[in-house]
Amino acid sequence: MWKALHATMHSVMGLSTVNREKYTALLPKLYEHQVLTREQTVKGISSFLHEFDDFVIDVPLLAGYFSTILANLFVHNVFEGDVRFITTLPEENDFTLSMRMMSVIVQTAVTIKSLSDETKALEFFKSAVDLSTIDNMQKEQLAEAVEKYEGQFLQVRVRE
């Protein structure tokens, strides 16, 4: 199933908004009906993230599209509250070096806030990022993303 998730995610990103919205709604249903597990979801998304920076060339708005899908999965508890895998991918996964990582995380938190509430968005952020382990460049990228995507509510967490 993780390969199917990866392949469908890859193909849906270049489709219309309506198709992406249908796909976004489908994934939590697959989890709810036990067709898709948390582990399969994590593995499929991790595989997709490996190609993220290459794929963004073809789909410039990829970070926003992906963040919407990720936010919906989180709001529907597909990750069971734990998304630390995003920032702790194995070194061979190219997303570990991506300049877009913090942008994706902030965009996802902002989307979660609009779908649910600020508490849920902060829960996502806290699960995704261990501020004590990120380097200065990532801190700078995080600050830029917070400003760019109006994620100032995350600054409370950033200062902790």
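Reader: Why are H6 and H7 called roughly antiparallel to each other?

Author: The axes of H6 and helix H7 (residues 118-128) cross at roughly 155° and come within 7 Å, where axes are lines fitted to C-alpha atoms, for helices over the stretch in contact, and angles run from 0 to 180 degrees between N-to-C directions. Angles under 35 degrees count as roughly parallel, over 145 as roughly antiparallel, 65 to 115 as roughly perpendicular and the rest as oblique, and H6 and H7 are therefore roughly antiparallel. This is a predicted model, in which local features need pLDDT of at least 70 and side-chain atom pairs count only at pLDDT 80 or more, while totals for chains, interfaces and linings use all residues. Residues are numbered from 1 along each chain as its sequence is written, and side-chain values use heavy atoms, with hydrogens and water left out.

Reader: What makes H5 and H6 oblique to each other?

Author: Helix H5 (residues 62-75) and helix H6 (residues 101-115) have axes that cross at roughly 55° and come within 8 Å, and H5 and H6 are therefore oblique to each other. Their crossing is right-handed, meaning that the near helix is turned clockwise from the far one by less than a right angle. The contact (heavy atoms within 4.5 Å) involves residues including Phe-66, Leu-70 and Phe-74 of H5 and Val-104, Ile-112 and Leu-115 of H6.

Reader: How do you know that Arg-38 counts as buried?

Author: Buried means under 20% relative accessible area, exposed over 50% and partly exposed in between, with a 1.4 Å probe and protein chains only; at 15% relative accessibility, Arg-38 therefore counts as buried. Arg-38 lies in helix H3 (residues 38-50), and, not counting residues up to four places away in sequence, Arg-38 touches Tyr-31, Val-78, Phe-79, Glu-80 and Asp-82. The side chain of Arg-38 also reaches the backbone oxygen of Phe-79 at 2.9 Å.

Reader: Why is Gln-34 called exposed, and why is Glu-80 called partly exposed?

Author: Gln-34 has a relative accessible area of 72% and is therefore exposed, whereas Glu-80, with a relative accessible area of 45%, is therefore partly exposed. Gln-34 is placed in the loop between helix H2 (17-32) and H3, and Glu-80 in the loop between H5 and H6. Although Gln-34 is not a glycine, Gln-34 has a positive phi of about 60°; Glu-80, which is not a glycine either, has a positive phi of about 55°.

Technical notes. Helices (H or I, at least four residues) and strands (E, at least two) are DSSP runs, numbered from the N terminus. A polar contact is a pair of N or O atoms within 3.5 Å; within protein, one must be able to donate a hydrogen and the other to accept it, and residues adjacent in sequence count only if both atoms are side-chain atoms.
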